[in-house]
Amino acid sequence: MNLVRSAAAAAALFLFACDTSQPDASKPGGKAEQEAIAPILNTPDAADIHSYAKPLEARVHHVSLDLNVDFQGKRIGGTATLDIDRKPDAREIVLDDRGLEIQSVADGSGKPLQYKVGASDPNLGAPLAVALNPDTKRLVIRYRSAPDAGALQWLTPEQTAGKKKPYLFSQGQAIENRSWIPTQDSPGIRQSWDATIHVPAGLTAVMSAPRSAEPITQGGESVFSFRMPHSVAPYMIAIGVGDLAFKSLGARSGVWTEPAMLAAAAAELADTEKMIDAAEKLYGAYQWGRYDMLVLPPSFPFGGMENPTLTFLTPTFIAGDKSLVSLVAHELAHSWSGNLATNATWADFWLNEGMTTYAERRVVEALYGPKRAAQQVALGVDALNKQIADLGGPSSPDTRLHIDLKGRHPDDGLTDIAYEKGAAFLRTIEAIVGRERFDAWLKGWFDRHRFQPVTSAIFLADIRANLVKGDKALEQKLMLDDWVYKPGLPANMVKPDPKAFAQVDAAVSRFGRDSAFVPAAEWKTWNTDERLRFLNRLPRKLPATRLEALNRSLGLNETRNNEVLFAWLDLAVANRFEPALPALERFLTTQGRRKFVKPLIEALAKDQQWGRPIAKRIYAVARGSYHPITQRDLDELKL
Ligand SMILES: [Zn+2]
């Protein structure tokens, strides 16, 4: 037992005279589950600077939504009923609010409660403080979201694959859900939830929770009901509404998407059941019942979002040959790292992403073999080194795993430090203690912290208690505190296999020596990771003749693989290579994945003379089709 956890447990007992035992996943909807309330951590490092909530005074533990989806007005509105726990003498509860139009706040018996929306911060939105009477246990908030709510993207029929019906989807992480749900929007304040969603008849609503009743269509509307019995971080509440069809992939998995995309999506995702089995072998039983996926329209800003029971996916991973499905391994792995054990604050985002990136490659290894996993590790380390350079070198404070986000948006921490330095840390521990011992610890970690918030300090205390166990020599070898709290990469970092890309690296060297060489024959036999390694390892400055030869021999402008296309366009932009411009324009106007569009448009914008006018022209066309999150990033370029 470590100090931090006992302090947390004490806080939970002090605040809530209720059952804090673990939910029983084998009995979804069981009574024990309904009563389980996840603890609030009370250590200073668990205080979330990106939420106005004061959960140690009063906290939400269940959200019940009854909402109407209004495509004409681009608003979601209705009621949010919040069940709260509070200190007996708490006089108010503070929620997070971003642009919500609050119509009324009442208690469970309908008695109005005083409330006040405070000053708005550009990053955080505003506090919504509701006065509590001594007996207030429930709030009923009548409200609607603003038409520009940051979590929501409203697509016209023309912006969908089917072109006939509108589409809506949400993205809650990191702090967007406060723009459509008035609750305490902090990952450390876990809440169970349910929802009744009214949509125009003919559309289907899906959410990140199991359906709790069959849909009903009546009087021009359809009503869908959902219930998430486990407590989750509120950023994990997600919705999609559109012309959606479903195809089963196996006993407990399936895919939702527009009918026109269903066959291609299902084919690409054919390995999903095998992935769940592989992940369970590593990390213990899958706790969420079903694992379904929603393949979204191309404007979805991320690769994937691990919304529980319903991963949201970009369609850009569909390459026709399953070559990019490590994305699915990643989102699936989040069912343990991120969704079971969740970073209590965004300063410890690496606990979500680094652990998941590590686990993703273990799943890839189990399904596709050690060579492919070793290659993905090596690409990850390349990305890590590039990220460190971009952040100003190994002494930059933003290269720490536990980062300081004071005064900044949590998305500033969404870098390859969290993903790849985090993964490298876990790989290093694995290499030092051996896989068997490490796996046993990792399985135990998820079991000990399931449905709970975690911090770097909890991670370190747990690993010391359950893996190091007082072994001083081992403690020294692991350099745990250096990894978590110091910038740069510790000296004990396990290096990627230098032979992972032996053939590709030889081709890169030959390309440097021999100005007539293009690896046309090799390219045909290379997998996606090998192609990416080749393109990313080429000198960043190349003459037009050599780019022309590459494009002609390798068919780069025409590739259907979006990762390869991105790597090529990145190189083309760096060299002002005009023949790639039509492909670039097509890529930037037909999908809005932030990982792809942000670096390309930024690189163009930095090149004042040549690139900026191109960025300006393309962004003027593309902006309307991008998600608000992507727009916010790119608007900063003032194009
Ligand atoms: Zn992730």
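Mentor: Let us begin with α21, which contributes the largest share of the lining of the second largest pocket, namely four residues. The model is a predicted one, in which local features require pLDDT of at least 70 and side-chain atom pairs count only at pLDDT 80 or more, whereas totals for chains, interfaces and linings use all residues. Residues are numbered from 1 along each chain as its sequence is written, and side-chain values use heavy atoms, with hydrogens and water left out.

Trainee: What makes a space a pocket, and not a cavity?

Mentor: Both are found on a 1 Å grid over the protein atoms alone: a cavity is a set of points where a 1.4 Å probe fits but cannot get out, whereas a pocket is an open set with protein on both sides within 12 Å along at least five of seven lines. A residue is a lining residue if it has an atom within 4 Å of a point. By that rule 22 residues line the second largest pocket, and those nearest its centre are Asp148, Ala149, Leu152, Pro628 and Gln631. At least two lining residues come from each of β8 (152-155) and α21 (628-635); such elements are DSSP runs numbered from the N terminus, helices being H or I of at least four residues and strands E of at least two.

Trainee: What lies at the start of α8?

Mentor: A side-chain oxygen of Thr415 comes to within 3.1 Å of the backbone nitrogen of Ile417. After α8 comes Gly434, with a positive phi near 95°.

Trainee: Why is His330 called buried?

Mentor: Buried means under 20% relative accessible area, exposed over 50%, and partly exposed in between, with a 1.4 Å probe and protein chains only. His330 has 8%, so the word applies. His330 belongs to helix α5 (residues 326-333). In α6, 16 of the 20 residues are buried, so the rest of the structure largely encloses this helix. In α8, 15 of 18 residues are buried.

Trainee: How do you know that β15 and β16 pair?

Mentor: Two strands pair if DSSP finds at least two bridges between them. β15 and β16 share four, in the antiparallel sense, and they form a hairpin with four residues between them. Phe246 stands opposite Trp256 in β16, and Leu294 in β17 is the bridge partner of Trp256. Leu294 in turn stands opposite Phe312 in β19.

Trainee: What makes β15 and β18 edges of the sheet?

Mentor: The open sheet has five strands in the order β15-β16-β17-β19-β18, with mixed pairing. β15 (245-248) and β18 (304-305) each have a single partner strand, so one side of each lacks a neighbour in the sheet. The mixed pairing includes the parallel pair β16 and β17 and the antiparallel pair β15 and β16.

Key:
Polar contact = N/O pair within 3.5 Å; in protein donor to acceptor, adjacent residues only side chain to side chain.
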